[in-house]
Number of protein chains: 2
Amino acid sequence: MAGVRAQQKLKTRQALIEAAFNQLSAEHSFSNLSLREVAREAGIAPTSFYRHFKDMNELGLTMVDEAGLTLRQLMRQARRRIASGGSVISTSVLTFMEFIDNQPNQFRLLLRERSGTSKAFRSAVAREIKHFILELAHYLENETGCDSHHAYMQAEAMVTIVFTSGAEALDLEGHSREELVERLIWQLRYISFGGNHYAQKTNS
Amino acid sequence: MAGVRAQQKLKTRQALIEAAFNQLSAEHSFSNLSLREVAREAGIAPTSFYRHFKDMNELGLTMVDEAGLTLRQLMRQARRRIASGGSVISTSVLTFMEFIDNQPNQFRLLLRERSGTSKAFRSAVAREIKHFILELAHYLENETGCDSHHAYMQAEAMVTIVFTSGAEALDLEGHSREELVERLIWQLRYISFGGNHYAQKTNS
DNA sequence: AATCTCAGCGTACAACTGTACGCTAAAATA
DNA sequence: TATTTTAGCGTACAGTTGTACGCTGAGATT
């Protein structure tokens, strides 16, 4: 019951996932990955891959889950920072930018597979992003007391803009990056202000 | 000087471009395309491909240009509709949705290569989208008389949201699609209202 | 009419892909 | 201890890819 065996299996499984993430980059997307290359980097024979995943697709979906998990942990962290007295908007943006810097390949996966060639991938990413939106929507609803439908639309718009800015940030450094963040913050203010206006003016 | 020769060359060149667009779909992205398959669908031998493009990359960039052209024609059409008395926001959204329905593969190309694996592609798409944003920014600046920097940020946010909604619309039909459009319009109102507020309150 | 140009073809090749199949040795189970 | 399970390996194969090379024949040019 020690499970030496099962433990090792988990280890190589994780090695496969890690190898795949390592091979993602600005110039290499998931659909460019080959089973053989991933297996090679993980240090196993190509055919051993099948002991862990029936498919590259299955690997990919697992990776999306993992990236989604990171994203959720991120949200929790942001909430903690805000609770201990940070500005809502800039704290959130800052936290998200840290995600992009620390786990660029996880972000790239979500970013690309959101509009990728597999419906399963697109749905999986959409699900993760929806979590993100719903959390923010609840926050907005509680904080500003606005209509829940408007809160959702507001949150959706915000997440969309943050995500897209994140994608652009991947290609930027230094000053142009700061400009990007500044623009992003203004745009979030627009949505916040406009959203609150309409949310309070009407009931649906 | 009749150019029977050159004319034929242009024709097969266009056939290659068309074949490539035809092979794009929800399940097939540009980087999945193979030179051989494209040549096959265009009705020429694989090696003849090189008489027209040195690379699949070169073909792809040409395709991005073509999609960008369509996008610009679209803008002109939207402006005409607005000038002849349509609501700005809903006319623009409607026009954009027509683009997605009529040329889904051109849209898919822009959408995917925006965050694709080739920097050249990303820049090319970014350039086309920037045109779009600048046109809208000028319109906003003239129409509402707001600060030009704010007009740009406002336009950028709007285009981002429209683009992302377009991506989602590709997977939707009927009622859920109408809901999406309705949400999109609300979100554009948020940005418009919030943008105007901040643009008038301050000078930079 | 003689010459040149060049779009398109066919052949050929090396590189790589996914994966079927059967073996082995070590861990798990009985 | 004897038996079963299974993660990982090596071999093998058919399929696809990009592209180098040289040829051809029909327009273009002189």
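Reader: How many residues of chain B are in contact with chain A, and what counts as a contact?

Author: Two residues are in contact if their C-beta atoms, placed from the backbone, lie within 7 Å; in this predicted model, 31 residues of chain B are in contact with 31 residues of chain A. Local features here need pLDDT of at least 70 and side-chain atom pairs count only at pLDDT 80 or more, while totals for chains, interfaces and linings use all residues. Residues are numbered from 1 along each chain as its sequence is written, and chains are lettered from A and ligands numbered from 1 in the order in which they are written.

Reader: Which helices of chain B supply the side that touches chain A?

Author: Helices are DSSP runs of H or I with at least four residues, numbered from the N terminus; α5 (104-113), α7 (148-169) and α8 (174-201) of chain B each supply at least two residues of that side, and α8(B) gives the most, with twelve residues.

Reader: Which residues come nearest to DNA strand C?

Author: A residue is near a strand if its C-beta atom, placed from the backbone, lies within 6 Å of it; of the 20 residues around DNA strand C, the nearest are Arg5(A), Ser34(A), Ile44(B), Ala45(B) and Thr47(B). In chain A, α1 (4-23) and α2 (35-42) each supply at least two residues of this surface, as does α1 (4-23) of chain B.
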